[in-house]
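Please examine the model shown here.

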Amino acid sequence: MVANEKDRMPLLGHLQELRKRLLISIISICIGGIACWFLYDWILELLLEPYCQIRGASGSDSIFGLGCELLVTDPLEPFSVRLTIAGYGGLILSVPMLLWQTWRFIAPGLLAKEKKWAIPFVLSGLLLFIAGAVLAYWSIPRALDFLVDIGGPDLVSVFSPSKYIGFVIKMIVAFGIGFEFPLLLIFLQLLGVLTPSALRRSRRYAIVGVVALVAVLTPSGDPFTLVILSVPMILFYEIAILVGSLRNRKMRTEA
C-alpha cells in the first residue's frame, strides 16, 4: 500500500507547501522571541545558575561583585545579549510548532496508518528535546569546571555576557537537537530512505560520526560533554534500528 494518490503533489506544490510551513514556523519563533524578551530577567537568572554553582563551589568571590556577575566591556553588549536570549528562546519555545509543521510537510508521503502518528511524533519530539535541554543544563557546571581549571590557578576567569550566554544557550540547543536523532532515523525509515539492515551495516561508521558530530555541535569541546551526549545518541541509534525492525516485522505479518 502506498500513500493516497490525492495526497501526491507536483514539485511546485511541494515548494508551496514548504514555504507555508516555513512561514508558520518563522511566525511561531517570532512570537516566542517576543515572550522571551519580556521574560528576560527570569531567563537570565536561570542561565546564570550554572556559573553561580561553580563560583560558590570554589568558595571565591568575584573580583568585581558578589560572585555571579558577568563583566560588560561593550556598551552595546547588554542589548545584544537580550536579543540573543529572545532569539534562541523563541526557537526553543516554538519547538512543538516546528515539530508539528515538520509532520504536516512529510505526512503526504506516509501510509494512511502512519499519518495517525502525528500526536506521538510531536509529543515524543518535544519530550526528547526537553530531556536533552535538561541534561545540558545539568552538565554545564561540570563543563565549566573543566574549562576553568584546565588553564591553571594563575588564570582568573571573568566571563563576558555574550560569550557566557552564547555558550550556555548553544549547549542547550545542541543537546536538544541531538536528542531528536532517533526521530530522524525512524522517519527516514518510514519514508524508505533508510532500512534497519543498512543502519546495522553502518553501525561502526555511525558511532564515529556521532562522536565527530557531537564534537562539532557542543561549544565546550571537553571530554565530559563529549561522552554525556555521545552515549545517548549511540543508544538512540540502536533504538531506531529496533523500532524499524519491529515495524518491518509487523508489515510482513499483515501482508
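In this predicted model, the axes of helix 3 and helix 4 cross at roughly 55° and come within 5 Å. Angles of 65 to 115 degrees count as roughly perpendicular and those under 35 degrees as roughly parallel; helix 3 and helix 4 are therefore oblique to each other. Helix 3 makes the contact through Leu91, Ile92 and Leu93, and helix 4 through Val95, Pro96 and Leu98. By class, the residues of this contact divide into 6 nonpolar, no polar and no charged.

Helix 3 (77-93) and helix 4 (95-106) also each supply at least two residues of the largest nonpolar core, which has 54 residues. The other helices that each supply at least two residues include helix 2 (40-58), helix 6 (161-178) and helix 7 (181-190). The largest share, 11 residues, comes from helix 5. Leu47, Ile85, Tyr164, Ile165 and Phe187 have the most contacts inside the core. Of these, Ile165 is in contact with Leu44, Leu47, Val81 and Ile85, leaving aside its neighbours within four places in sequence.

Helix 10 (223-254) is a further contributor to the core. At 1.5 Å a residue, its 32 residues should span 46 Å, and the end C-alpha atoms of helix 10 are 47 Å apart, which agrees. Buried residues of helix 10 include Leu229, Met233, Phe236, Tyr237 and Ile241, but also Ser230, Ser245 and Arg247. The buried residues of this helix pack against helix 5, helix 6, helix 7, helix 8 (196-201) and helix 9.

Methods
Residues are numbered from 1 along each chain as its sequence is written. This is a predicted model: local features need pLDDT of at least 70, side-chain atom pairs count only at pLDDT 80 or more; totals for chains, interfaces and linings use all residues. Side-chain values use heavy atoms; hydrogens and water are left out. A nonpolar core is a set of buried Ala, Val, Leu, Ile, Met, Phe, Trp, Tyr and Cys residues joined through side-chain atoms within 4.5 Å. Buried means under 20% relative accessible area, exposed over 50%, partly exposed in between (1.4 Å probe, protein chains only). Helices (H or I, at least four residues) and strands (E, at least two) are DSSP runs, numbered from the N terminus. Contact means heavy atoms within 4.5 Å. Axes are lines fitted to C-alpha atoms, for helices over the stretch in contact, and angles run from 0 to 180 degrees between N-to-C directions. Angles under 35 degrees count as roughly parallel, over 145 as roughly antiparallel, 65 to 115 as roughly perpendicular and the rest as oblique. Ala, Val, Leu, Ile, Met, Phe, Trp, Tyr, Cys and Pro count as nonpolar, Asp, Glu, Lys and Arg as charged, and the others, Gly among them, as polar. The expected span of a helix is 1.5 Å times one less than its number of residues.
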